[in-house]
Structure formats: C-alpha cells, structure tokens
Amino acid sequence: MNPVAADRVARAWQVLGTVLDPEVPALSVRDLGIVREVIDHGAELEVVLTPTYSGCPATEVIEQSVLDALRAEGLGPARATLRRAPAWTTDWISEEGKRKLNDYGIAPPGPAAPDAGVPIRIFGRKADAVACPRCGSARTERLSAFGSTACKALYRCLSCREPFEHFKPI
C-alpha cells in the first residue's frame, strides 16, 4: 500500500473510533468490532462492516453514520459494504470497549462459547453469574433473557439491589 493510501486508511480508522453505536452509545463502532476492514480504492474508501446480528435494526443508521463521519473529515467519497460471514461475535469487542461497557453500567461479555456459531441457543432460567458493573458483586440474578436490545439480558444485583444489563456473549 502506498504511503498516501496508508495514511488515509489510518485516518479513517481514527475517525471510526469516534462513530458511536446508536444502541450502546458508550462504544464506537470500532470498539464494538463491527468495522472489519478499511480499503482505499483510490477514488473512494470502502468500509467493511459486520452487523452484530443480521436483523440488527441499527445497521442502516450505522452505515450512514460511518459514511457521514468520513465525509465530514474530508476522507470521502466512501461506501459501506456489509460482510455477514463469518458472523460477528462478542469476542470482537475490544478490551477498551469492554471497559467502556462496564463504566457505562452494562456488564461486558465474557468469551463466547465454542458453539457460538450455532444459530439458536436455548437458555434455561438459571444463568451464569455476571459481575455487577456497579459494585462488582457476583451475587446477581437474571431477570430476563432480553434487555433493551436482543443482544443484552436484564440482571439484578443481590448485593447493591441495582438492575443492570449484560451484553450477552455470542
């Protein structure tokens, strides 16, 4: 890659670190791990995105936000390409992103289960203990398999009694 293209790609990655996820505004799309690649085609940049799941309602908003941010920084024209395979996994969330989730009050996911590629997983009422992002206690209980979005579950801490969401490992 020539130095001008490399600089343009590096600048694009920096800009993508400022584009917030609309459903979890504590994270950038870069921290979330949905930006797979930035390619300089000379006349335009291509940003390859993998949605957190194929039915994610925020996909179009994310695409437009990415393109708007690149254009605002003078890096356009640009286009977004969706790549759904391999499927996104919470293992792609950066360590900084997991810290930001916790600071925001959402318990970050642990490592995805080895069978995370299985399209449907049935969970019983008993869930693994998730540390409370407010007090750190592992004395928590799952109230609902789904929180404000399908990728989060609703929990309650039995120590500090505060409710919180957990970003499910997938």
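By the rule that a salt bridge is a side-chain nitrogen of Lys or Arg within 4 Å of a carboxyl oxygen of Asp or Glu, the count in the protein comes to 11 salt bridges. In general terms, side chains of opposite charge can pair when their charged atoms come close. The structure is a predicted model, in which local features need pLDDT of at least 70 and side-chain atom pairs count only at pLDDT 80 or more, while totals for chains, interfaces and linings use all residues. Residues are numbered from 1 along each chain as its sequence is written, and side-chain values use heavy atoms, with hydrogens and water left out.

One of the salt bridges joins Asp 40 to Arg 8, with the closest N and O atoms 3.1 Å apart. Asp 40 lies in strand E1 (residues 35–40) and Arg 8 in helix H1 (residues 3–16), so this pair ties together parts that are 32 residues apart in sequence. The helices (H or I, at least four residues) and strands (E, at least two) named here are DSSP runs, numbered from the N terminus.

Other salt bridges lie within a helix. In a salt bridge between Asp 68 and Arg 71, the N to O distance is 3.3 Å, and these two residues, being 3 residues apart in helix H3 (residues 59–72), are separated by about one helical turn. Asp 68 is partly exposed at 37% relative accessibility, and Arg 71 is also partly exposed, with a relative accessible area of 46%. Lys 98 forms a salt bridge with Glu 95, for which the closest N and O atoms are 3.8 Å apart; here too the residues stand 3 apart, in helix H4 (residues 95–104), and about one helical turn separates them. In this pair Lys 98 counts as buried at 15% relative accessibility, whereas Glu 95 is exposed, with a relative accessible area of 62%.

The secondary structure of the protein comprises 4 helices and 7 strands, which follow the pattern α-α-β-β-α-β-α-β-β-β-β when read along the sequence. Strands are taken to pair if DSSP finds at least two bridges between them, and 4 strands form an open sheet with mixed pairing, in the order E4-E7-E6-E5. Strand E4 (106–107) and strand E5 (140–144) stand at the edges, each with a single partner strand, so one side of each is left without a neighbour in the sheet. The pairing of E4 with strand E7 (residues 163–167) is parallel and runs over 2 bridges, and Glu 165 in E7 is the bridge partner of Ile 106.

Of the 170 residues in the protein, 39% are buried. A nonpolar core is defined as a set of buried Ala, Val, Leu, Ile, Met, Phe, Trp, Tyr and Cys residues joined through side-chain atoms within 4.5 Å. The largest such core holds 30 residues, of which Val 66, Leu 70 and Phe 167 touch the most other members. The elements that give two or more residues to this core are H1, helix H2 (29–32), E1, strand E2 (45–49) and H3, and the largest share, 5 residues, comes from H3. Apart from this core lies another, of 7 residues, among them Val 130, Ala 153, Tyr 155 and Cys 157. With contact meaning heavy atoms within 4.5 Å, and with neighbours within four places in sequence left aside, Leu 70 is in contact with Ala 12, Val 15, Val 47, Leu 75, Gly 76 and Ala 78.

Two loop residues were also examined. Ser 28, in the loop between H1 and H2, is buried at 2% relative accessibility, and beyond four places in sequence the residues that Ser 28 touches include Leu 16, Gly 17 and Thr 18. Ala 138 is placed in the loop between E4 and E5, where, with residues up to four places away in sequence not counted, Ala 138 touches Ala 129, Val 130 and Ala 131. The C-alpha atoms of Ala 138 and Leu 158, which are 20 residues apart along the chain, are separated by 8.6 Å.

Key. Buried means under 20% relative accessible area, exposed over 50%, partly exposed in between (1.4 Å probe, protein chains only).
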